[in-house]
Amino acid sequence: MFLTPSGTPRVRVETYREPVTADRVRQDPLDPAPSRHLAQCEFVGESDAAMLRVLLKVIDKGDYDWVECGACEAGWQVAHYAESVL
Ligand SMILES: [Zn+2]
């Protein structure tokens, strides 16, 4: 809130807008595509989202998530955003 020159209080309207992120979709760390299970892991190829949510441990490392499989203890990185395709 601030006063205009005439003394009328006005509410400042924030006009900040998110940067355009249409081509920077946050990647899902539970996406089975980049998973790196050990060959003998019984969850290799597991794609059920509810199962993966229980199975995988996701640790936010800043620029990427570190994902660990609770069964085979393998881990892999999932970048928050896909590489730029410029
Ligand atoms: Zn596994």
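**Entry 1: overall layout**

I began with the elements and found that the protein chain has one helix and five strands. I took helices (H or I, at least four residues) and strands (E, at least two) as DSSP runs, numbered from the N terminus. Along the sequence, the pattern reads β-β-α-β-β-β.

I noted that residues are numbered from 1 along each chain as its sequence is written. I also noted that this is a predicted model, in which local features need pLDDT of at least 70, side-chain atom pairs count only at pLDDT 80 or more, and totals for chains, interfaces and linings use all residues.

**Entry 2: confidence**

I looked up pLDDT, the predictor's confidence in each residue, from 0 to 100. The protein chain has a mean pLDDT of 85, and 74% of its residues reach 70 or more. Confidence is lowest in strand β1 (residues 2–3), with a mean of 64, and highest in β3, at 97.

**Entry 3: the sheet**

I then followed the strand pairing, where two strands pair if DSSP finds at least two bridges between them. There is an open sheet of three strands in the order β3-β4-β5, and its pairing is antiparallel. Because β3 and β5 stand at the edges with a single partner strand each, one side of each is left without a neighbour in the sheet. On average, neighbouring strands of this sheet are turned by 25° against each other, direction ignored. For this angle, axes are lines fitted to C-alpha atoms, for helices over the stretch in contact, and angles run from 0 to 180 degrees between N-to-C directions.

I checked β3 (residues 56–60) against β4 and found five bridges in the antiparallel sense. Here L56 stands opposite C69 of β4. Three residues separate β3 and β4 in a hairpin, and G62 in the turn has a positive phi of about 105°.

I checked β4 against β5 (residues 75–79) as well, and this antiparallel pair also has five bridges. In β5, Q77 is the bridge partner of W66, and A79 is that of Y64. This hairpin has five residues between its strands.

**Entry 4: E73**

I located E73 in the loop between β4 and β5. Its phi is near 65°, a positive value in a residue other than glycine. A residue is buried if 20 or more other C-beta atoms lie within 10 Å of its own, exposed if 12 or fewer, and partly exposed in between, with C-beta atoms placed from the backbone.

**Entry 5: faces and core**

I recorded that side chains in a regular strand alternate between the two faces of the sheet. In β4 (residues 64–69), D65, V67 and C69 form the covered face, while Y64, W66 and E68 form the uncovered one.

I looked next for a nonpolar core, a set of buried Ala, Val, Leu, Ile, Met, Phe, Trp, Tyr and Cys residues joined through C-beta atoms within 7 Å. The largest has six residues: F43, L52, L55, L56, V67 and C69. α1 (49–55) and β4 are the elements that give two or more residues to this core. Buried residues make up 12% of the 86 residues in the protein chain.
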